[in-house]
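Please look through the sequence and the structure below before reading on. The report that follows begins with the chain as a whole and then turns to a single residue.

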Amino acid sequence: MAFETFEIRSKVCVSLDADTGNAVKPLLTYVPYNKSGYRLINEYLEIENLKAVSWIYSLPTVEFPVFELEDSKSKQLLAAINLEWGSPRTQMDIMINVDNSIWQKISAYSLLNSSPYPYREYSLGNHTLGDNAMLGLQIKDVGFGLLQNSTDGQDKVTAFADLTRYITIEKLVDTSSKIANNITTITATIVNSNPNRKGLTFFNSSGKDIYLDTVNTVSNNSYMVKLEPGDYYEAPSPMYTGNYYAVVENGSTAIDIREFV
């Protein structure tokens with residue numbers, strides 16, 4: 001059968017607000033690729049450049065630390081960590097679900113009120129989902145509440161990313177025909193070439209040995225396939241679309257041949 005592999009690239013975007021609560025919100029609604037006349041073989045998903053922007057108004061404003069020139073890098077790093085995780089905050093967890101099981105946390109980010117700056121940006125990385133996983137976002141109450149609507153503004157987080165879908169499909173066969181044939185001890189064409197051929201099967205319904213080949217020199221001493229009575233043969237992929245030739249061990253007979261296009 002004929003396989004086709006291609007990519008579909010798109011943007012995905014999801015927002016969380018006070019109405020989201022602590023529910024896990026999937027990054028996208030996955031609908032398997034579908035095309036009339038084709039069967040989906042595999043669909044592989046990749047998330048790249050996942051980012052989030054937060055607008056937090058309901059929490060007290062965070063005062064960013066001021067460093068002296070002589071402060072070491074480790075001291076500055078410690079101050080930054082304490083700021084992120086010791087301040088009034090809301091937590092956003094990155095969740096993953098594999099094979100429709102329970103959601104598992106894989107990372108967490110601190111959402112702060114960074115006023116007078118109107119918003120904060122977060123880089124959430126690249127994620128390979130394959131064909132059996134989904135990414136989601138969840139707001140967690142760590143003692144200061146979830147996203148809220150306040151008099152100063154409505155808390156909101158918007159995440160967006162590049163989605164690549166790697167898709168493999170197979171063309172379905174919707175037409176078949178029975179090929180009449182007469183096989184003798186003299187080499188003859190039993191199936192003519194067909195560039196639109198998608199499949200071909202041979203069933204030896206006779207009581208004699210049949211010798212089959214794709215060259216016209218086929219004989220009982222030189223052949224591609226020997227079909228004894230009751231044997232079945234299906235042309236392999238990639239599909240050969242040329243002539244098939246055959247001879248019988250003695251006399252003449254016919255076999256059952258089906259061509260699919």
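Of the 261 residues of the chain, 38% count as buried. The model is a predicted one, and its chain holds 1 helix and 18 strands. Whereas a compact globule of 261 residues would have a radius of gyration near 18 Å, this chain has 33 Å, and its C-alpha trace spans about 100 × 40 × 30 Å along the principal axes. Among contacts in the chain with a separation of 6 or more, 78% are made by residues 24 or more positions apart.

| Item | Value |
|---|---|
| Positive side chains | 21 side chains |
| Negative side chains | 30 side chains |
| Distance between the centres of the two sets | 3 Å |

Within this chain, Asn194 can be followed in more detail. Asn194 lies in the loop that runs between strand 12 (188-191) and strand 13 (199-203). Is Asn194 buried or exposed? Asn194 counts as buried because its relative accessibility is 16%, and the cut-off for buried is under 20%. The side chain of Asn194 reaches the backbone nitrogen of Asn196 at 3.0 Å. When its neighbours within four places in sequence are left aside, Asn194 is in contact with Thr241, Glu259 and Val261.

Note on methods. Residues are numbered from 1 along each chain as its sequence is written. This is a predicted model: local features need pLDDT of at least 70, side-chain atom pairs count only at pLDDT 80 or more; totals for chains, interfaces and linings use all residues. Side-chain values use heavy atoms; hydrogens and water are left out. Helices (H or I, at least four residues) and strands (E, at least two) are DSSP runs, numbered from the N terminus. The radius of gyration is taken over C-alpha atoms; the globule rule is 2.2 Å times the number of residues to the power 0.38. Buried means under 20% relative accessible area, exposed over 50%, partly exposed in between (1.4 Å probe, protein chains only). Contact means heavy atoms within 4.5 Å. Lys and Arg count as positive and Asp and Glu as negative; His and the chain ends are not counted. The place of a charge is taken as NZ of Lys, CZ of Arg, CG of Asp or CD of Glu. A polar contact is a pair of N or O atoms within 3.5 Å; within protein, one must be able to donate a hydrogen and the other to accept it, and residues adjacent in sequence count only if both atoms are side-chain atoms.
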